Amino acid sequence: MKNRLTAALATTGIATSLLVALPAAGTASAAPLICEPGSRSVKWVTTSRARVLTHKVKGYEKGYSGGSRTVSRTLGHDKTVTSGYSIGGGAGAGFSVAKVLVSLDANVEGSYTHQKSKTTTKSVNITDTLTKKGQYFFYRGTVKATGTWQGFYCDKGTKWIEKTWGKAQTFSAQVDGAVRCGEKVNSKSLGRLVQQKYC
């Protein structure tokens, strides 16, 4: 009798463990996590990069070949470049100017500001040392990055949902100096832009 009771209890225990281990009929397996729940991401639809001369260019003729000369020129303000973003529609909560501009910086060649700002509107004094004979042009400018963006929200960690969209613009640190006509410079530089416009 005792042996039969022990066997019955053992059988019941096995059945109970199987009942706990097996999933309920019709229960779907959980979707894999692809993102941090509640996080936001920025995707760029279009981006562009352009050199901008923010101050009026001034020329200087170095008419002798011997020695170097330090020359200064005051350049008046010409154009202002701003940084910031706009929201074209949808829910923009969680998409700060810093988040959008950091993402734009990562998607455009160069290094750009991550906050709402603008280039100086004041006249600037530019000094450079000229070493060779020729025509020089003094300049100051920046590189502008622009783009059209989409903002996505991570829903429950399983999918990205588009929440908003807009445009953004930022600029690099301002660059100044003097460039000589005929001088070999980087093709993407502000100096090269000056040569193309004034030499």
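1. The link of Cys35 and Cys154 is right-handed, with 85° about the S-S bond. Its two ends sit in distant parts of the chain, 119 residues apart: Cys35 in the loop between helix H1 (2-21) and strand E1 (40-53), and Cys154 in strand E7 (residues 134-155). Helices (H or I, at least four residues) and strands (E, at least two) are DSSP runs, numbered from the N terminus.

2. This is a predicted model, in which local features need pLDDT of at least 70 and side-chain atom pairs count only at pLDDT 80 or more, while totals for chains, interfaces and linings use all residues. Residues are numbered from 1 along each chain as its sequence is written, and side-chain values use heavy atoms, leaving out hydrogens and water.

3. The sulfur atoms of Cys35 and Cys154 are 2.0 Å apart and form a disulfide (a pair of cysteine sulfur atoms within 2.5 Å).

4. The structure has two disulfides. Cys181 is joined to Cys199, S to S 2.0 Å. Cys181 lies in the loop between strand E9 (175-180) and helix H3 (190-198) and Cys199 in the segment after H3, so this pair ties together parts that are 18 residues apart in sequence. The link of Cys181 and Cys199 is left-handed, with -90° about the S-S bond.

5. Cys181 is partly exposed, at 24% relative accessible area. Cys199 is also partly exposed, at 49%.

6. With the bonded cysteines of the protein chain numbered in sequence order, the pairing reads 1-2, 3-4.

Technical notes:
Buried means under 20% relative accessible area, exposed over 50%, partly exposed in between (1.4 Å probe, protein chains only).
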